[in-house]
Amino acid sequence: MGAILTLGRRKDKKAEKAAEEQRKKVEQLCEMFPMLSQETLSNVLEANEGDLEKTMAMFMPISPEQQRQENHQGMNNERRQDSLHIDELISWAKSEDLEVQYQAARSLADLAIDADQRRHIENANAVQHILGLLHSPSPEVCECAVMAISNLALDDGLQEKLNQEGALQALVQLASNAELSAGMQCHLARALANLAYCNERNEEDIVKFGGLSSLIRMISTSTPDVMLEAVAALANLARNPLNQRMIGESGAILNLVNAMKGNDVEVLRQASRCLANVSLNHENEVELCVPEVIEALIATLRVDNQEVMTLGMMALANLSVHRDAQYKIVAAGALPEINRLLQCGNEGVELQAARSLASLSQHEENKLRIAREIGVQQFILLARSRSEKHQMLAAATLANLSSVRGISASWG
């Protein structure tokens, strides 16, 4: 009996020691992952047979830089570990524990930043599980799932698959809720922008599913990040000819103009890109040929950013084909800015400026002002020193100006 009791005491001491070690490990995990409950961490640690490092690895998102370094080594065993890690995250995504769902969604979102990891996620069939997390009752889980989709959509090959799996419709439905947090709206707009990027079907489906109204609402928000992402998404949608008129009819153009008043360079770039695309549709003439739009576009010509100036000039050149806009653009004071860009040294910008003047000079009331403020010599120089397109536009402008009686005297 004594031997048994002694053995029992030793066993008790080992159990006490093991329990103490387990308690310390749980405490360490609680400090590292305060968003997870002690019970959850204890259960996971127990399932991993007390392996602290393995438990930490399951909850610790891999940073993009760390992942890039690991991928750079090109070792097959690391790739297998990545796949195993994603399989574990998929199992956590299926959990009914919202904190575990959150950790899975957050980790998958982080992994999806990396191009190689996006392939691992696709090959592990994790997309459908990420989409499932969009329906989680936890707003934090939903937001991380949206971030994951946004990052996955950076891969051209996954854009179509995400739409086929129902991502677009789910995102548009979520975006229709005006009570969402600013962070959630920002991630939703970015996800829609990424899914629409150079993908014709997705561009059309976002509008078909009703996403346009939500993006317009986001453009009017007071939160800069939400506004920027929504403007970028709208600019991507405006690439599609079928969407251009719908954007014009929706009232979004004046929302864009209001967003441009903040003078944020990236907002100006995206809004100018959107207006340049929308202005390709001549049916938008009524919505575009108003003082607010014309003045906003002229203002972009003064921005110290090459791309903003180019896009703004492109949009003005598109508007200049409309007779109603021709007089308004000159009357609004555009000629000094267009003249400056006509000789800025960038052939692309100069071409857009020349295109605009070739159209503006068709209006009788503009001809004398163009001849006096810019001068015929400028167009002669352009015709001699630039490409064939520049020469044709310069020749067209000279032909328009030559029809005015007495104009040669003003050339002096």
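**Labels and cut-offs**

Modeller: In α14, the buried residues are Gly211, Leu212, Ser214, Leu215, Ile216, Met218 and Ile219. Mind that this is a predicted model, where local features need pLDDT of at least 70, side-chain atom pairs count only at pLDDT 80 or more, and totals for chains, interfaces and linings use all residues. Residues are numbered from 1 along each chain as its sequence is written, and side-chain values use heavy atoms, with hydrogens and water left out.

Colleague: What makes helix α14 mostly covered?

Modeller: Seven of the nine residues in α14 (211–219) are buried. Buried means under 20% relative accessible area, with a 1.4 Å probe and protein chains only. Helices here are DSSP runs (H or I, at least four residues), numbered from the N terminus.

Colleague: Why does Asp114 count as buried?

Modeller: Asp114 has 7% relative accessibility, so it counts as buried. Asp114 sits in the loop between α6 (98–111) and α7 (115–123).

Colleague: Why are α26 and α27 called roughly antiparallel?

Modeller: Helix α26 (residues 376–385) and helix α27 (residues 388–401) pack at about 155 degrees, their axes 8 Å apart. Axes are lines fitted to C-alpha atoms over the stretch in contact, and angles run from 0 to 180 degrees between N-to-C directions. Angles over 145 degrees count as roughly antiparallel, and therefore α26 and α27 get that label.

Colleague: Which residues of α26 make the contact?

Modeller: Val376, Phe379, Ile380, Leu382 and Ala383. Contact means heavy atoms within 4.5 Å.

Note on methods. Helix = DSSP H or I, 4+ residues; strand = E, 2+ residues; numbered from the N terminus. Parallel < 35°, antiparallel > 145°, perpendicular 65-115°, else oblique. Buried < 20%, exposed > 50% of the residue type's maximum accessible area, 1.4 Å probe, protein only.
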